[in-house]
Structures are given as structure tokens and as C-alpha cells.
Amino acid sequence: MESKQNLIRQGNLATLSQLLFKQGSALKAEMATATKMSVVTINALIKELLEEGIVTEGLPVQQSLGRPALNYHFNYNQSYYLLLSIQADLTLTPQKLIILAKIVNLAGEEAYAKTFDYSEVTLSRLLEIIQLTLEQPLTIAKIALALPGKVANDLVQSSYADLFNGWNIAAELKKVTDIPLSIQNDAHLLTMGSLIKHQIKATGPIVGIFYPEKSMPGITIAANGQIFEGFNGLAGEAKYLPSLIDRPVPNHGLELKANLLEIIAIYNAVIVPEIFLISSDSLEEAEIMETIASSPLLNKQPNKPRFQMIGDFQDTLTFGLRWLASLDTLYLLS
């Protein structure tokens, strides 16, 4: 009986914590109404959440009737996420890799940000950068890493210029910290970040296309808030399409546009998505949309999806990394 009561209490604590995370603050009466719990239960739960530092007590709020009631605020600073992104520095010629590191609270507010040189592409250098960021006097609950590659069974299966292939980042990181690590493909995170940032809703599949300059594209297939990874996480690796597998990286816009149209046509026929989300740092939105609209091939296809550009690359990627860090927690970003 005691065990069952404890399970109920834990469930109620989770429900109330999630409510306050989403709303930010609430009065006890508002909590009781939203959760359908009694005020007596809410009183007990709030006492426990205060003791654990999950909520803080605010100022009294005057009610239309009766005495003022205390407002309670969710403590977004109770823990933080370390967000890391391996990406090319487009301001340099030739390009080199960098690592963008951010520490954010549960509301996404930055407490720390730094760009690290990653021209020495080694696993030991990556671990060194992670350890340097963990020296900040903040409680890091999760680490989320955006990788230009695909991971399955903790091993990098495919990556940018094959630089990370075969790496087991999670296993090596466990040797230096117990903080949980989540790794995801950068194209996948851009797609999920865009869906969350813009609150895009779809009943059908979504295809995200990330086509960075001087690189091959990354493809995301998503539905119902889930990413379809495929066997060994290789679903959507466009560089393995028959027409692209032996083709070099595009050197100019015309070649990139031709590749992009070909990819869209293939996925439009096979996946039949409701929405295409497209990110390309070397082509303007108007240029891409005009290319799509004037394509004879796409005009012949029966599926007429919506096309939307992913703007503000870094901010959208941060939303995706926050989503990744929040997976398997009470505070899922959605």
C-alpha cells in the first residue's frame, strides 16, 4: 500500500512540475484546477517542491475575493544543459571546423557561450573541450551534441568527410564524467528545432533538408514528433543516393540547386511529405522557392507539399539541442 501511495505521489509531483515548467508560475488554486488535484494535495506537493528547489515562492497576489494568495514560480535555474555543436566556420577560407558550446538553463537562457577551434579533429580534443566547459560553476544535468554524422549503437556510422567514423564518443566521455550524453545528427536537430521554434503542426510526414555550403546534404524524415532513423541510423543519408554517391560536392549554386531539386523529387515521390523544411546557407530563399516553383518534374508529381525555409541557423539548432537534452526528462521541449 505504501509503495502504491508513493507511486501516486511521484506521479502527482511530476504532473505539477510539468505544469509549472510550461506555465512558469501559478497560484495554488490555479494548480488545483489545472491538475484536478485537491488544494490539500497541492499544499503537500508544493512544500516538497520548495524543499527540492524546483519551485520558488513569489509575492502575494490580491484576489477578487478573500486574502492575497502566494504565487509560485518554476525554478528554471535548478539545472542546466551543455549544448555542443560541431560545424564548419563559413567565415574562413579554407573552412575549418569549430565547436560552439553553450550552457543554458531549463528556459533556454544562456549562462555561458564560447567558440572553440576544432581544426585538430580528434576525439581527445573533443573531450578536452567538454571538460573545459564543465568547469563552469553550474549544475549540468545533460550534455547534448550536434554531430555532422549519424550514430547508431554508440558508434558514428557516417560523418562529414568520414572524420568521425567509428568514434564511440559516449564510451570515452563516461571515463571523465557521469553526466548523461545525447548525440544527434545536425540535420535532424535543425528539423526538430524548426518544428518547435515555429510550432509547426503536421498530420503527415515531414522531410527536412540541410544542404550546407561545400558539403553533401543531410536529410531528416519525421512524423508525429519522432525521427525515423532507419537501420544503423542511416535513413536519409542523401550522399548514398545512386545519383549522388559518386558525385563530388557542388562547387557552385547551379549544381547545388540541381541536386536539391533531385532530392526533393525523390523524397516527394517516396515519402510523400506534407512539409519540406529546407536549410541552405549558400542559396537565398527566393532563389530556392523560384527553382521549386518552376520545376517541371515537381509539377508533374501529384503530391503538393508545403515548402518552408529554416532561417536563423544557430538559434534553430539551439532549439533542436534543447529538445535533445530534454528527452527522457520531465521537461520535454515541444
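Which residues is L16 in contact with, leaving aside its neighbours within four places in sequence? In this predicted model, L16 touches M31, T35, I42, L45, I46 and L49.

**View 1. L16 and the largest nonpolar core.** The largest nonpolar core of the model has 43 residues. L16, L20, M31 and I46 are the residues with the most contacts inside this core. Helix α6, residues 186–197, gives the most to the core, with 6 residues.

**View 2. A three-stranded open sheet.** The sheet is built from 3 strands in the order β1-β3-β2, with antiparallel pairing. Strands β1 (25–27) and β2 (55–61) are the edge strands, and each pairs on one side only. On average, neighbouring strands of the sheet are turned by 30° against each other, direction ignored. Between β1 and β3 (residues 69–74), which run antiparallel, there are 3 bridges. The bridge partner of A26 in β3 is Y72.

**View 3. Helices lying across the sheet strands.** Helix α2, residues 28–35, lies across β1 and β3. The direction of α2 is at about 95° to β1. Helix α3, residues 39–51, lies across β2 and β3. Here the angle is given relative to β2, and α3 runs at about 120° to that strand.

**View 4. Domain layout.** The domain assignment of the protein gives domain 1 as 1–74, domain 2 as 80–188 and domain 3 as 197–314. Taken over C-alpha atoms, the centres of domain 1 and domain 2 are separated by 36 Å.

**View 5. Packing of α6 against α10.** Helix α6 packs with helix α10 (residues 313–326) at an angle of about 95°, and their axes are 7 Å apart. Because angles of 65 to 115 degrees count as roughly perpendicular, α6 is roughly perpendicular to α10. On the α6 side, the residues that meet α10 are D186, L189, L190, M192, G193, S194, I196 and K197. Their counterparts in α10 are F313, D315, T316, L317, F319, G320, L321, W323 and L324.

Key
Residues are numbered from 1 along each chain as its sequence is written. This is a predicted model: local features need pLDDT of at least 70, side-chain atom pairs count only at pLDDT 80 or more; totals for chains, interfaces and linings use all residues. Side-chain values use heavy atoms; hydrogens and water are left out. Domain bounds come from an automatic or database domain assignment. Two strands pair if DSSP finds at least two bridges between them. Helices (H or I, at least four residues) and strands (E, at least two) are DSSP runs, numbered from the N terminus. Axes are lines fitted to C-alpha atoms, for helices over the stretch in contact, and angles run from 0 to 180 degrees between N-to-C directions. Contact means heavy atoms within 4.5 Å. A nonpolar core is a set of buried Ala, Val, Leu, Ile, Met, Phe, Trp, Tyr and Cys residues joined through side-chain atoms within 4.5 Å. Buried means under 20% relative accessible area, exposed over 50%, partly exposed in between (1.4 Å probe, protein chains only). Angles under 35 degrees count as roughly parallel, over 145 as roughly antiparallel, 65 to 115 as roughly perpendicular and the rest as oblique.
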